[in-house]
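Subject: Handing over the structure

Hi,

Here is the structure I promised to pass on. Have a look at it first, and then read my notes below.

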Amino acid sequence: QVQLVESGGGLVQAGGSLRLSCAASGRTFSRYDMGWFRQGPGKEREFVAAIRWSGGSTYYADSLKGRFTISRDNTKNTGFLKMNSLKPEDTAVYYCAATGSGRWIPNERLRIRNVYDYWGQGTQVTVSS
């Protein structure tokens, strides 16, 4: 089992920045690929970004590339999502998730929420115009 706890959400004006954190406990975090998803009001949960267990490769939703940056610090069992130039349409609950311990997940499948075994409870991000 891996327990994930997100933090860092809040209210920010359009154009501002936030950095979300995902603290992991339980099994060795460094063995898991990690993803961030979000769910806006009345919308389905959608892929935001993913990062390999080593931190060596990252993947982004095309619409967010260039504004969001995913990273991780395996020495601290923590993942991060830095969000810049925020827009009102970025308002959502942001979730981190983990998958893949001991198995290879193809790149394209890291965008699929059902691939992930463990989820945090989410953190609210609200961007005001």
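What follows is a short tour of what turned up.

First, some ground rules. This is a predicted model, in which local features need pLDDT of at least 70 and side-chain atom pairs count only at pLDDT 80 or more, while totals for chains, interfaces and linings use all residues. Residues are numbered from 1 along each chain as its sequence is written, and side-chain values use heavy atoms, with hydrogens and water left out.

Let's begin with strand S4, which covers residues 33–39. (Helices, H or I with at least four residues, and strands, E with at least two, are DSSP runs numbered from the N terminus.) Of the 7 residues in S4, 6 are buried, so the strand is largely enclosed by the rest of the structure. Buried means under 20% relative accessible area, exposed means over 50%, and partly exposed is in between, using a 1.4 Å probe and protein chains only.

Which strands does S4 pair with? S4 runs antiparallel to S9, with 7 bridges joining them. S4 is also antiparallel to S5, through 5 bridges.

Gly35 is another residue in S4. Gly35 counts as buried because its relative accessibility is 0%. Setting aside neighbours within four places in sequence, Gly35 is in contact with Ala49, Ala50, Tyr95, Cys96, Ala97 and Tyr116. Contact here means heavy atoms within 4.5 Å. For a sense of scale, the C-alpha atoms of Gly35 and Lys87 are separated by 21 Å, and these residues are 52 apart along the chain.

Now for Asp33, also in S4. Is Asp33 buried or exposed? Its relative accessibility is 2%, so Asp33 counts as buried. Not counting residues up to four places away in sequence, Asp33 touches several residues, including Trp53, Arg72, Thr99 and Leu110. Arg52 is on that contact list too, and the side chains of Asp33 and Arg52 meet in a salt bridge (3.0 Å, N to O). The bridge links distant parts of the chain, with Asp33 in strand S4 and Arg52, 19 residues apart from it, in the loop between strand S5 (46–51) and strand S6 (58–60). A salt bridge is a side-chain nitrogen of Lys or Arg within 4 Å of a carboxyl oxygen of Asp or Glu.

How many salt bridges does a search of the whole structure find? There are 6. One of them joins the side chains of Arg67 and Asp90 (2.8 Å, N to O). That pair also links distant parts of the chain, 23 residues apart: Arg67 is in the loop between S6 and strand S7 (68–73), and Asp90 is in the loop between strand S8 (78–83) and S9. Arg67 is buried because its relative accessibility is 13%, and Asp90 is buried because its value is 1%. Arg67 and Asp90 also belong to a network of salt bridges with Arg38 and Glu46.

Asp117 and Arg103 make another salt bridge through their side chains (2.9 Å, N to O). Asp117 counts as partly exposed because its relative accessibility is 42%, and Arg103 is partly exposed because its relative accessible area is 42%.

Next, the disulfide, which is a pair of cysteine sulfur atoms within 2.5 Å. The whole structure has 1, and it joins Cys22 to Cys96 (S to S 2.0 Å). Cys22 is in strand S3 (residues 18–26) and Cys96 in strand S9 (residues 92–99), so the link connects distant parts of the chain, 74 residues apart. The link is right-handed, with 60° about the S-S bond. Cys22 and Cys96 are both buried.

Last, the largest nonpolar core has 38 residues, of which Trp36, Leu81, Met83 and Tyr94 touch the most other members. (A nonpolar core is a set of buried Ala, Val, Leu, Ile, Met, Phe, Trp, Tyr and Cys residues joined through side-chain atoms within 4.5 Å.) Leaving out residues up to four places away in sequence, Tyr94 touches Trp36, Leu81 and Met83, among others.

Enjoy exploring!

Notes. Pairing = 2+ DSSP bridges.
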